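Have it open while you read, and go through the points in order.

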Amino acid sequence: MKTGSRREADQNNHLEQNICIHIFTVSSAMVGVCLTVIGLIRVVVTLGKADTIADDCLAMDALLFLTSCLLSYWALRFRGLRRMHRLEQIEDGIFIFAMIGMVAICALITYSIAIPSQ
């Protein structure tokens, strides 16, 4: 009976580490995406096609993704399960919030480019 319980605990721990690794890699990639889009927006603003606060919002979103990435890395480095679980909950929340922010910023960019300021 204890062997089955231990096996389930090991599988859950392995699953949580996998999720943590995925959040780590995706968050770091999303930081790069945010920085690339900021550069593209600056080109559009320089050409005078549109003016938007999306680049400022993307910079904040990049910081959220970076925070999620660092917390994920930190959780992978912890050996204590309770601390790792707590860090994973925080990083998950920040990651989801940053993804929702990214969608909202995409809508803002689309609106700004579709209806340029006059």
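1. Contacts first: of those in the protein chain that link residues at least 6 apart in sequence, 76% are between residues at least 24 apart. Contact here means heavy atoms within 4.5 Å.

2. A word on what we're looking at. This is a predicted model, where local features need pLDDT of at least 70 and side-chain atom pairs count only at pLDDT 80 or more, while totals for chains, interfaces and linings use all residues. Residues are numbered from 1 along each chain as its sequence is written, and side-chain values use heavy atoms, with hydrogens and water left out.

3. The fold reads α-α-α along the sequence, with 3 helices and 0 strands. Helices (H or I, at least four residues) and strands (E, at least two) are DSSP runs, numbered from the N terminus.

4. Of the 118 residues in the protein chain, 27% are buried. Buried is under 20% relative accessible area, exposed is over 50%, and partly exposed lies in between (1.4 Å probe, protein chains only).

5. Now pick out Ser68, in helix H2. Is Ser68 buried or exposed? Ser68 is buried, because its relative accessible area is 0%. Beyond its neighbours within four places in sequence, Ser68 touches Ile23, Ser27, Glu91, Ile94 and Phe95.

6. Leu66 also sits in helix H2, which covers residues 54–77. At a relative accessible area of 37%, Leu66 counts as partly exposed.
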